Amino acid sequence: MMPNQPLFLLLLGLIGAQANLDLRTAAAMAAGLCKARPTDLVFIIDSSRSVRPSEFEQVKVFLAKVIEGLNVGPSATRVGVVNYASRVKNEVSLKTHRTKAGLIKAVTKIEPLSTGTMTGLAIQFAMNVAFSEAEGARAKSSDVGKVAIIVTDGRPQDNVKDIAQRARDASIEIFAIGVGRVDMNTLRQMASDPLDDHVDYVESYSVIEKLTKKFQEAFCEDLVSDLCATGDHDCEQVCISTPGSYKCACREGFTLMDNGRSCSACSNSATDVVFLIDGSKSVRPENFELVKKWINQIIDKLDVSESKAHVGLVQYSSTVKQEFPLGRYNNKKDLKEAVKKMAYLERGTMTGQALRYLVENSFSFGQGARPGVTKVGIVFTDGRSQDYIGDAAKKAKENGFKMYAVGVGNAVEDELKEIASEPTGEHYFYTADFKAMSQIAKKLQINVCDDDPCECDSLVKFQKKVEAALQALTKKHILYDRILLESMSKRIALLENKIV
């Protein structure tokens, strides 16, 4: 359901055709409008001695969450699990469990083998045994997909390149997930093309479950064409379906803006918006370019002008750098050009230091902030802060700043919630992949009027009337004083004549 009273809908845009597909798929799954292709799915999980028992438990949680989002059944998705170290064990056959509950219960009982890392042997076993008809795989057919998801954290002790190629030649689609100190070249040797879609990396097992949505969506194939029903639109308030497309409208009392998507009620409201952007080395140059595109797509949704929205930009890593202050640029073209020129800092992640800068500098009058104007901070990060954020995050909210927190990849959700304003569910957002930032679309919004926008509009009108009344009263006082002065002057003149 769309929020009732947004002033601005900030769309974290569609970055490329693949991102658009990700958004459509996620929305379709959430709406129950996605039909999955029948699939034989086998997880191949590394439980070598480098995987600690607690980390192996996190792998099992990941498996369970992926399974929970699948359409499991004899004629839909069948799931198997292969466990490996120096030896290979078929923990769950494709024919064993035909319900989610049975599958998940079986996954919770898997124990680590805790020896070497024979990844090639595990792929060979999956191809010859796990994907065999004897173990429940369906006969080779264009109607049934064969998918293997490999999870590993180390360098294999055997050859994987040739056996992975044979598996792919046998029409098995391979996804490779690497954790920690995994050899990235090995992942690329195993995975299917295109590699960008089939290779994933996480820094630790503690964040592996953040890939859950991607692998749920990988099994979503057929999408309905009702874009309003799937949520695959950027209408702020009302979406009206048309054949293969849609158009936007607004509720009574609101006006559709020139962009054809946003609705305006508090047209006279002003906002100071400051972006606080993580430029640490973990972001990587190619992703930093995506972040800049994201900022500019938000700017496109703002009513930037001298009297309305002002935008400032701060980048941080081990240090903090103000890219430009509030009010320096008062049109979208100049703002977007300045964002494009932002150079990547790299180094650490001092989010606490950056928040203190925001509190003490970015929203100060000396840096372009306007008195009596709503202050909005949008914090973007992809990792855990290397310093304490609590005091600065608290101070920002105590100062009345409306704080939004957006996290990607290894961002820590507890930290995002600590930064975000209340209610946190409306002010913090997370996605696992930079390319999937569009999944947050339509959620991040800046509400200058927290209550009824019509009341806000009335308040603006009231303020104008008060100002006009004060000006009129001032004029009356000046006129009265002038009349009084003239009267007193005449009386003084009369008295002077009498004295003479």
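Let me start with Pro 194, which is found in the loop between helix H6 (184-190) and helix H7 (195-198), where helices (H or I, at least four residues) and strands (E, at least two) are DSSP runs numbered from the N terminus. The peptide bond that leads from Asp 193 into Pro 194 is cis, with omega near -5°. A cis bond also joins Glu 422 and Pro 423, with omega about -10°, and Pro 423 lies in the loop between helix H14 (413-419) and helix H15 (424-427).

Before I go on, a word on where the values come from. This is a predicted model, in which local features need pLDDT of at least 70 and side-chain atom pairs count only at pLDDT 80 or more, while totals for chains, interfaces and linings use all residues. Residues are numbered from 1 along each chain as its sequence is written, and side-chain values use heavy atoms, with hydrogens and water left out.

Glu 346, in the loop between helix H11 (332-340) and helix H12 (351-362), has a positive phi near 65°. Glu 346 has a relative accessible area of 41% and is therefore partly exposed, a class that sits between buried (under 20% relative accessible area) and exposed (over 50%), with a 1.4 Å probe and protein chains only. Ser 114, in the loop between H3 and H4, is not a glycine either, yet its phi is positive at about 55°; at 38% relative accessibility, Ser 114 counts as partly exposed.

Leaving aside residues up to four places away in sequence, Leu 113 touches Ser 47, Asn 83, Tyr 84, Ala 85 and Arg 87, contact meaning heavy atoms within 4.5 Å. Ser 47 is 66 residues from Leu 113 along the chain, and their C-alpha atoms are separated by 5.6 Å.

Now to the helices on either side of that loop. Two packed helices are described by the angle between their axes and the distance between the axes; here the axes are lines fitted to C-alpha atoms, for helices over the stretch in contact, and angles run from 0 to 180 degrees between N-to-C directions. The axes of helix H2 (residues 53-68) and H3 come within 9 Å and cross at roughly 175°, which makes H2 roughly antiparallel to H3, the cut-offs being under 35 degrees for roughly parallel, over 145 for roughly antiparallel, 65 to 115 for roughly perpendicular, and oblique for the rest. Lys 60, Leu 63, Ala 64, Ile 67 and Glu 68 of H2 make the contact with Lys 100, Leu 103, Ile 104, Val 107 and Thr 108 of H3.

Helix H4 (residues 119-130) packs with helix H5 (residues 161-169) at an angle of about 20°, their axes 9 Å apart, and H4 and H5 are therefore roughly parallel. From H4, Gly 120, Ile 123, Gln 124 and Met 127 meet Ile 163, Ala 164, Arg 166 and Ala 167 in H5.

Finally, the whole chain has 16 helices and 20 strands, and 50% of its 500 residues count as buried. Among contacts with a separation of 6 or more, 75% are between residues 24 or more positions apart.
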